[in-house]
Amino acid sequence: MNTQRTPPKRRLAEWVELIQHREMPIFNNTVHQVLRVSEDELAPAAALAQVIMQDPSLTTRILKLANSVYYNPAGTGSGHTLTSVNRAVVVLGFNAVSNMCLAATLVDDTIEGATRERVARELARALHAAIQARSIATAREDKAPEEVFIAALLHRIGELAFWCFGGEQAEALDQLYRQQPAALPERAQERILGFRLNQLSGQLARVWNLNELVREAIATPSVLDERVQTVVLGQQIALCAEDGGWHTEPMEKLVKRAAKMIDQAIGETHKMLQHNASEAAEMAAVIGAQIAVPHIPQQQEASEQPRPETASETATAEAEATTTDAESTAPEPDAQLQLRVLRELSTLIESGTASLNQVMTLALEGIHRGVGMDRVVFALITPDKRTLKARYTLGSESERLLARFQFTRLPGQNHPLFTVIERQQARCIRGEALADVPATVIQALGRTPFMIAPIEIAGQGIGLLYADRASSARALTEPLFEDFQHFAKQASQGLTLAARRRAR
């Protein structure tokens, strides 16, 4: 016999009144990242905005404050609502944002008991949905992908707020969910609360003056508007992956919808969505939301992959795999990941405990997955300046590359791998310049364009960074070369600073 006591119901308006004056907790790592960026007088607003948008609670706070009467007296009535976090940071100023973070409570300290897992699930879904929605928006060349990201991030803000502050009623709803796992969540919500939590989301979006896309996606999710449908699709993908994984019939339908929306092949779209899930898990880890990471479903093992529907599809897939597998699995440039790695690198350097291993591991990660290079090598030069030998490698054929990347310069030889260290100047070797590459390098690495940059400590060359796109045969562009050089310079600066601190 169920003797569970149902706490007294509050009306929807009472919940809105209760929650709208409280602040949801934000994450420890987010606080530290915001403070670090805000202390940099040269940091652009976009850098701070990228940090803020990783955390749904902080995003809500910033937009609420920026659209308050004090900061935005024109208000929504005149169409002046600030919908961009970047613009909000400019309006508020770095000091206001950092002060908000200093006053913030942390999620690990405030959320306890059975509802902690519900908070974790909502955070996971919010981050996952936002990444998916922004990826789709970007692919269809949306005018402002950041707005779509924010709308998906805050689409279930009522659910997140309720699990943070719901108290006895949250515990009662959690217990009912567990007792009746097959029941519709909305019916359980109406039984315990007297209303649905998406109604709370809509009311909070209104009183907090969140942007119109957030409110429209909550209130009219079926409206035939591409931006609203992108937000809704991001939510559906996140929920479907959570419920059944990546290879179910409902997920296949969502993948087809996404593929049609962005005019892309179904197989490539499926891979894109799975990559987005990995990015969401990385984001959760970066902001310190470790409780959310296990709830963002990742790609299943090969043994769990679905079989093609028809024999012709099987033949087509096999034929395509032989020619496009390397390219489709190659890392694409990821500006956000670059920023995250650079932040981690800066934090490590500022800590005063940076080592060669730590600095170069982060640099290689940033170049491989952030810049989007197939193979990356850090090689050390011997004291006599005659031999280069790989110390760390990352990417395709990593172990093989570690064994093969060892070169010795003959007396008087014009060897680009060595001269780049001597001249302390990065190079992108492609086109006609490949003719100057020694045969030993071609035999070991293949005839492929590559980028090299010196690694120095206090002006003394200790080795180099090497990167190529040999596996996917993609072109090396000037923007890629610039990003590559940035990581090389950061690594050299970090190692120099670390050496100076150890010498004190």
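I'll start with the aromatics: the model has 7 aromatic pairs, counting rings of Phe, Tyr and Trp (its six-membered ring) whose centres lie within 6.5 Å, with planes under 30 degrees apart called stacked, over 60 edge-to-face and the rest tilted. One of them is Phe405 with Phe407, an edge-to-face pair at 5.0 Å centre to centre and 70° between the planes.

Before going on, the ground rules. This is a predicted model, in which local features need pLDDT of at least 70 and side-chain atom pairs count only at pLDDT 80 or more, while totals for chains, interfaces and linings use all residues. Residues are numbered from 1 along each chain as its sequence is written, and side-chain values use heavy atoms, with hydrogens and water left out.

Buried here means under 20% relative accessible area, exposed over 50%, and partly exposed in between, with a 1.4 Å probe and protein chains only.

Elsewhere, Trp15, Phe162, Trp163 and Tyr177 make up one aromatic cluster. Trp163 also has Arg118 over its face, 5.9 Å from the ring centre. The criterion for a charge over a ring is NZ of Lys or CZ of Arg within 6 Å of the ring centre and within 35 degrees of the ring normal.

Next, the overall picture. The protein has 24 helices and 6 strands, taken as DSSP runs numbered from the N terminus (helices H or I, at least four residues; strands E, at least two). Of its 504 residues, 51% count as buried. Among contacts between residues at least 6 apart in sequence, 68% join residues at least 24 apart; a contact means heavy atoms within 4.5 Å.

Two helices are worth a look. Helix α3, residues 45-52, is largely enclosed by the rest of the structure, because 6 of its 8 residues are buried. Those are Ala45, Ala47, Leu48, Ala49, Val51 and Ile52. In helix α17, residues 266-286, we find Thr269. Thr269 counts as buried because its relative accessibility is 0%. Beyond its neighbours within four places in sequence, Thr269 contacts Val255, Ala258, Ala259, Ile262 and Gln264.

Last, the cysteines. How many disulfides are there? The count is 0, with a disulfide taken as a pair of cysteine sulfur atoms within 2.5 Å. Cys164 counts as buried because its relative accessibility is 16%, and Cys240 does so at 13%.
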